Amino acid sequence: MPALFLAPAIAVLLALSIYPLIYSITISLQQGTAAGVIWGLGNFTRLLSDNFFLTALAHTFVYAVSALTCEFLLGLGLALLLNKQIRGRGLFRASLLIPMMLPAVVVGVIWRLMLNPNFGAINETLKQLGINTASLTWTASPKLAMLSVIAVDVWQWTPFVFLVLLAGLQAIPQEPYEAALIDGSSRWQTFWHVTLPLLKPSILIVLLLRTMDLLRVFDQIFILTEGGPGFATETISLYIYRTAFRFFDFGYAAAMSFVLLALTNVISAIYIKFLQAKETI
Amino acid sequence: MSRKIAQGSRYALLTVALLFSLAPAYWMLTISLKTEVDQFASPPAWFAFTPTLEHYYDAFVTRGFGEYLFTSVIVAVASTVCALVIGTLAAYALARFELPWRLNRRLSLWILSTRMFPAIVTAVPLFLMMRDVQLLNTRASLIIVYTGFNLPFVVWMMRGFFADLPRELEEAALVDGDSRLGALVRVVLPLVSPGLAATAVFCLIVSWNEFLFALVLTQTDAAMTLPVGIAGRVTQYEIKWGVMSAAATVAIIPILVFALSVQKYLVRGLSMGAVKG
């Protein structure tokens with residue numbers, strides 16, 4: 001009986017996750033050459049000397065670390081601000097969440113409009129403040145493009161960090177705070193020794209989920225810059241996409257995707273170690 | 001006095017955050033309603049302009065966005081229904097049956113792990129598989145892929161909702177001679193219907209927003225979803241800002257309605273049930 005309930009789900013997942021993975025392994029081991037298909041680790045050894053791949057890898061790390069830091073600090077700040085009984089809290093919370101719900105493509109369109117050097121709201125506003133915007137071409141500028149795509153990610157995903165941390169804050173019982181008050185702890189001490197430790201499980205979960213998404217980022221960057229100008233914002237997912245669907249080198253793309261998979265697995269395993277140490281899962 | 005200042009600065013900071021999070025989307029909305037002259041006005045017109053619906057007409061009647069919209073709806077609804085039926089059955093089995101070899105936990109974790117792959121890892125082989133079975137550029141390919149994509153999520157969410165429910169309820173129904181499936185449909189599902197609805201809404205949002213698979217699997221007007229249609233226009237040389245903004249605004253509307261309806265379950269849904277908010 002349980003087998004009948006489980007069979008459809010297992011069949012679908014075998015066909016749509018496990019089979020593709022095996023398929024991908026087999027093509028990653030094949031290299032098409034003029035003399036025919038060669039089997040071996042050629043695609044993987046090629047990775048090590050591919051400067052484009054290494055640059056994309058570096059971009060991915062820069063992107064993930066910068067966005068994660070900003071999103072965490074801003075999200076925590078907002079959660080602390082709203083973790084009080086204040087009027088209009090429901091409205092603030094609902095409105096702050098809107099960016100996170102939007103389709104990535106729409107976020108791309110919104111920020112193409114905002115950052116457009118000719119009529120975008122950002123530059124027009126800066127002009128009114130008397131700032132020369134001639135060099136501020138944002139996504140079209142090799143120097144500012146990475147900053148722009150990171151800022152867009154922070155805009156869209158800070159609400160998610162905020163939401164999870166706010167839920168975590170509200171689950172903290174009152175007693176430790178009362179004890180801290182009796183001990184005469186300052187607000188900063190209370191935050192550091194009471195709030196943060198009790199919030200740690202929520203922090204780890206939200207960092208884990210964000211890190212996974214940041215390492216695989218594709219959609220917004222594809223819409224905003226397509227990895228450009230030049231190669232300035234090319235991340236691993238974009239480079240894999242280009243390799244597979246522009247250059248049709250599926251074997252090499254598959255090999256790179258396994259590096260990305262290994263990377264995300266290792267990092268999530270580290271987070272989960274920390275989480276299990278706290279016995280929250 | 002200092003309390004008042006603290007309260008005041010709290011509101012001030014929150015209002016700034018609110019402006020930052022809402023103004024960009026509002027700016028796009030205004031562009032979709034402005035004539036081309038107003039779009040390029042300097043300084044920008046945030047409020048004072050004469051609204052027009054010409055870009056909406058242009059996008060959805062003259063250009064192909066109506067068809068993309070239709071595809072998006074079909075694909076989101078069909079894949080959500082498939083994932084819900086298959087996933088709920090599996091979730092029920094995992095929550096209620098004692099499986100041998102600690103399979104309850106092992107299967108749940110395996111199902112979760114399939115969702116953890118970066119999309120691009122499966123996009124490459126799925127493209128080749130769909131090419132092999134000649135399903136490229138069909139809505140069916142997207143329905144199949146999104147069903148698989150949403151399935152782990154449904155299993156984890158519904159497993160949590162089933163586990164929250166006392167067993168005695170369906171045991172009574174089983175004693176009355178109901179089959180397991182009968183007990184599930186007649187007794188259990190009505191009780192978890194808010195959770196089921198929230199899960200459905202999350203699946204709809206994910207399918208509606210999904211971009212990478214849709215981009216890879218569909219390149220023709222007949223099978224393209226709204227996000228791919230919009231993206232195709234963005235990256236062309238001469239960009240019709242009004243048309244794009246109109247299409248993007250329409251793409252947002254169902255999401256906002258849905259998101260507000262599941263606010264209560266947002267944390268649980270977005271963390272795959274890891275945090276019970």
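**Close-up views of chains A and B**

**View 1. The contact between chains B and A.** In this predicted model, 74 residues of chain B are in contact with 66 residues of chain A (C-beta atoms, placed from the backbone, within 7 Å). Helix α1 (residues 2–33) of chain B gives the most to this side, with 12 residues. Helices here are DSSP runs of H or I, at least four residues, and strands are runs of E, at least two, numbered from the N terminus. The side of chain B that touches chain A holds 58 nonpolar, 14 polar and two charged residues. Nonpolar means Ala, Val, Leu, Ile, Met, Phe, Trp, Tyr, Cys or Pro; charged means Asp, Glu, Lys or Arg; the others, Gly among them, are polar.

**View 2. The fold of chain B.** Chain B has 14 helices and zero strands. Its C-alpha atoms fill a box of roughly 75 × 70 × 35 Å along the principal axes. Of its 277 residues, 47% are buried (20 or more other C-beta atoms within 10 Å; exposed is 12 or fewer, partly exposed in between; C-beta atoms placed from the backbone).

**View 3. A:Trp138 in its loop.** A:Trp138 lies between α7 (121–128) and α8 (145–170) of chain A. Its phi is near 45 degrees, a positive value in a residue other than glycine. A:Trp138 is buried, with 24 other C-beta atoms within 10 Å.

**View 4. B:Trp101 in its loop.** B:Trp101 sits between α4 (65–96) and α5 (103–115) of chain B. Its phi is positive, about 50 degrees, although it is not a glycine. B:Trp101 counts as exposed, with 8 C-beta neighbours inside 10 Å.

**Notes.** Residues are numbered from 1 along each chain as its sequence is written, and chains are lettered from A and ligands numbered from 1 in the order in which they are written. Local features need pLDDT of at least 70, side-chain atom pairs count only at pLDDT 80 or more, and totals for chains, interfaces and linings use all residues.

Notes: Two residues are in contact if their C-beta atoms, placed from the backbone, lie within 7 Å.
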